[in-house]
Amino acid sequence: MPATRAASDATAAGRALVSVLVPALNEASNIDQAVAAMLAQQVDGQVELLFADGGSNDGTRERLRELAAVDSRIRVLDNPRGWTPSGLNVCLSHARGEYVARMDAHTLYPDNYLRSGIDRLRAGGAEWVSGPQVVEGEGRVQRAFAVALQSPLGRGGSRRWAAGRNGAEALEWELDSGVFTGVWRREKVLEVGGWDERWWRNQDSEMAARFLERGSRLICLADMAARYVPRDSLRALARQYDGYGFYRAATARRHPDTLRRSALLMPSLVLCWLAAVVAPRRLRRFARLGVALYVATIAAAGVKAGRDNPPEVAATVPAVLAAMHFGSGVGFLRGMVKFGTPWAALARVSGIGALERLAPDPGSEPVYAPSLDAS
């Protein structure tokens with residue numbers, strides 16, 4: 001069926017062509033701007049915005065209800081569990097669209113985001129379409145974070161951060177489990193079981209692993225680049241990356257193919273710092289040499305950043321890198337303690353096949369999605 005005919009049929013039947021899924025918690029400071037950007041989406045068909053409020057106490061829910069009272073495309077739902085994945089599943093359970101898209105309330109999406117994603121899905125050859133994540137912000141830490149992500153020290157092996165990093169002419173490229181939101185056919189998300197609510201963070205990456213395991217292609221389109229406003233505090237940034245590392249360990253245990261070699265550098269760095277303090281003398285010397293090399297490396301990144309950025313931003317780049325690296329490293333080690341060592345993943349990235357014998361059979365544990373099943 002032609003795309004225009006499908007859109008017309010959906011509209012005639014009173015169904016939304018695309019349902020936007022938005023978990024929200026205490027977003028009063030930017031909810032108006034986010035909703036305006038979502039309503040400005042240029043789509044040939046109906047759009048519904050589903051907001052799952054996780055118990056906001058800053059007026060977010062009241063403001064959403066005000067907006068819903070004047071625009072029937074907005075629906076406000078309860079997310080009693082309060083977590084991001086449960087909010088997504090609540091929205092998914094109420095979605096009426098042929099397509100669904102995840103959008104975050106603290107991210108601004110281009111007005112072609114939904115249209116480009118749907119068009120690419122209709123073209124075939126992909127089941128997950130998203131755009132690169134472009135960092136914005138006026139604060140010193142935010143600006144230093146954006147600079148840090150311009151180098152491999154900041155972005156690691158992820159391909160989601162910058163449009164054109166695969167060549168200025170690249171219009172699209174494939175992703176691994178490192179994804180940022182996206183657009184899907186609703187039936188495909190339901191087929192894989194929705195978002196697993198045990199993953200408070202990295203829930204998109206865990207679901208992406210399930211898509212990849214069934215042979216799906218995940219595509220990133222340059223023209224779907226979304227503007228993301230990060231934390232403007234080193235402590236908050238470190239906590240954020242601690243959460244990423246914690247659930248990356250869980251994802252690696254459940255889906256061994258998702259672990260990159262670069263992800264092991266962060267926990268190794270943390271262990272190196274510990275060894276520099278408490279290890280036997282001979283090992284302590286080597287560890288201190290490693291620490292000195294790391295400090296020199298991030299300091300050099302700050303010097304390099306000073307060529308094109310204000311001094312206060314360049315001076316903050318090393319601290320931002322350290323917050324990212326140590327947050328992720330500590331989180332990964334905590335995750336290994338909580339979820340168990342991802343032996344199969346370690347065997348794959350290290351090439352030491354003997355490690356795989358230590359890995360328990362992950363079995364076929366079902367996705368934990370009570371917020372989806374309950375509706």
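Student: Is W184 buried or exposed in this predicted model?

Tutor: Relative accessible area is the number to read here, and under 20% counts as buried. W184 has 0%, so this residue is buried.

Student: Which aromatic partner does W184 have?

Tutor: W184 pairs with W128 at 5.0 Å centre to centre, with 75 degrees between the planes, hence edge-to-face. This pair ties together parts that are 56 residues apart in sequence, because W128 sits in strand β6 (residues 128-130) and W184 in strand β9 (residues 182-185). W128 also has 0% relative accessibility, so W128 is buried too.

Student: What is the geometry of the W273 and F326 pair?

Tutor: That one is edge-to-face as well, at 5.5 Å between centres and 75 degrees between planes. Here helix α11 (residues 265-278) supplies W273 and helix α13 (residues 311-339) supplies F326, 53 residues apart. W273 is partly exposed at 33%, and F326 is partly exposed at 21%.

Student: Which residues do ring pairs link into a cluster?

Tutor: W128, W184, W195 and F211. F211 also has R214 over its face, 5.9 Å from the ring centre. Elsewhere, R201 lies over the face of Y244, at 5.9 Å from that ring centre.

Student: Where does pLDDT stay under 50?

Tutor: Read the chain average, then check the stretches. The mean is 90, and 91% of residues reach 70 or more. Residues 1-13 stay under 50, with 12 contacts beyond four places in sequence. Residues 163-168 stay under 50 too, with 10 such contacts.

Technical notes
Residues are numbered from 1 along each chain as its sequence is written. This is a predicted model: local features need pLDDT of at least 70, side-chain atom pairs count only at pLDDT 80 or more; totals for chains, interfaces and linings use all residues. Side-chain values use heavy atoms; hydrogens and water are left out. pLDDT is the predictor's confidence in each residue, from 0 to 100. Contact means heavy atoms within 4.5 Å. Rings of Phe, Tyr and Trp (its six-membered ring) pair if their centres lie within 6.5 Å; planes under 30 degrees apart count as stacked, over 60 as edge-to-face and the rest as tilted. Helices (H or I, at least four residues) and strands (E, at least two) are DSSP runs, numbered from the N terminus. Buried means under 20% relative accessible area, exposed over 50%, partly exposed in between (1.4 Å probe, protein chains only). A charge sits over a ring if NZ of Lys or CZ of Arg is within 6 Å of the ring centre and within 35 degrees of the ring normal.
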